[in-house]
Amino acid sequence: MDEYTYIEILIEDKSGGILVEQIMDKYVMDKENITYKIHSFKGIGKIPSKMNKMSQIKSKRLLTDLPMYLKGMDSSLKNMSGKKAIFVILDCDDEDCANMKRSLVQMYQELGISIQVFFCIAIEEMEAWLLGDSEALITAYPMAKRQLLQRYVQDSIIGTWEYLADIVYKGGLQTLKRNASSYYEIGLFKCECARNIGTLMDIRRNASPSFNYFIGKLDAFYGSST
């Protein structure tokens, strides 16, 4: 019998949580004794400047609450048998990915926790992972603008969710913005895309480098020994 594996996943927003749930359901399908739990936040926030004085009040922002969550999860998981890890998934937006990764690793080291943490950064936004599977996208949205999709450069910094909207939304981004009375409705569009495309994605055939980095880290962890 394979060793029990447990993964906690922290992600910055609802649409990302929907997509990662679709991905993880596919990932565990052919594996035994693996369980995961996803925690979705309401935005990214910022890493607290002083780890020893971090607030215990949850802001519901991923980076703001991250030290508190990591310390709490470390305490609750360290006595659990089997392999345990935390995956933190976030967008780099217009931040430098390397600098963001360094800041996250530094924060992790300052916390002095024992559990293994993987930081997986979607470049520029998690909608890049949807654009990385053109077959799933076209199947979900048969009227999508194929020429625009073909011109997309994987993981490019171009305003990824807006580019996706131009491809799949009838009338494109500007029509979506006119029809959406608030950012909440933009969020509903993102959730719809995550669900409709995510359910059709082939997690072993994706053109996004940052998506494949995430899958590679899952493979490395699942296949590792305690």
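Visitor: What makes H7 largely enclosed by the rest of the structure?

Guide: Seven of the nine residues of H7 are buried, so this helix is largely enclosed by the rest of the structure. Buried means under 20% relative accessible area, exposed over 50%, and partly exposed in between, with a 1.4 Å probe and protein chains only. The buried residues of H7 are Thr 160, Trp 161, Tyr 163, Leu 164, Ala 165, Ile 167 and Val 168. Their cover includes helix H4 (127-131), helix H5 (134-140), helix H6 (146-151), H8 and helix H9 (183-198). Helices here are DSSP runs (H or I, at least four residues), strands are runs of E (at least two), and both are numbered from the N terminus.

Visitor: On what basis do these values rest?

Guide: The model is predicted: local features need pLDDT of at least 70, side-chain atom pairs count only at pLDDT 80 or more, and totals for chains, interfaces and linings use all residues. Residues are numbered from 1 along each chain as its sequence is written, and side-chain values use heavy atoms, with hydrogens and water left out.

Visitor: Why are H7 and H8 called roughly perpendicular?

Guide: The axes of helix H7 (residues 160-168) and helix H8 (residues 172-179) come within 6 Å and cross at roughly 100 degrees. Axes are lines fitted to C-alpha atoms, for helices over the stretch in contact, and angles run from 0 to 180 degrees between N-to-C directions. Angles under 35 degrees count as roughly parallel, over 145 as roughly antiparallel, 65 to 115 as roughly perpendicular and the rest as oblique. H7 and H8 are therefore roughly perpendicular to each other. Trp 161, Glu 162, Ala 165 and Asp 166 of H7 make the contact with Gly 172, Leu 173 and Leu 176 of H8, where contact means heavy atoms within 4.5 Å.

Visitor: Why are H1 and H10 called oblique?

Guide: The axes of helix H1 (residues 14-28) and helix H10 (residues 209-223) come within 12 Å and cross at roughly 40 degrees. H1 and H10 are therefore oblique to each other. In this pair, Ile 23, Met 24 and Tyr 27 of H1 meet Phe 211, Phe 214, Ile 215, Leu 218, Asp 219 and Tyr 222 of H10. By class, this contact has eight nonpolar, no polar and one charged residues. Ala, Val, Leu, Ile, Met, Phe, Trp, Tyr, Cys and Pro count as nonpolar, Asp, Glu, Lys and Arg as charged, and the others, Gly among them, as polar.

Visitor: Is Ala 140 buried, partly exposed or exposed, and how do you know?

Guide: Ala 140 has a relative accessible area of 23%, and is therefore partly exposed. The residue lies in helix H5. Its C-alpha atom is separated by 5.6 Å from that of Ile 197, 57 residues apart along the chain. Leaving aside neighbours within four places in sequence, Ala 140 is in contact with Asn 196, Ile 197 and Leu 200.

Visitor: How do you know that the protein is as compact as a globular protein of its length?

Guide: The protein has 10 helices and four strands. Its radius of gyration is 18 Å, close to the 17 Å that the globule rule gives for 226 residues, so the protein is as compact as a globular protein of that length. The radius is taken over C-alpha atoms, and the rule is 2.2 Å times the number of residues to the power 0.38. Of the 226 residues, 50% count as buried.
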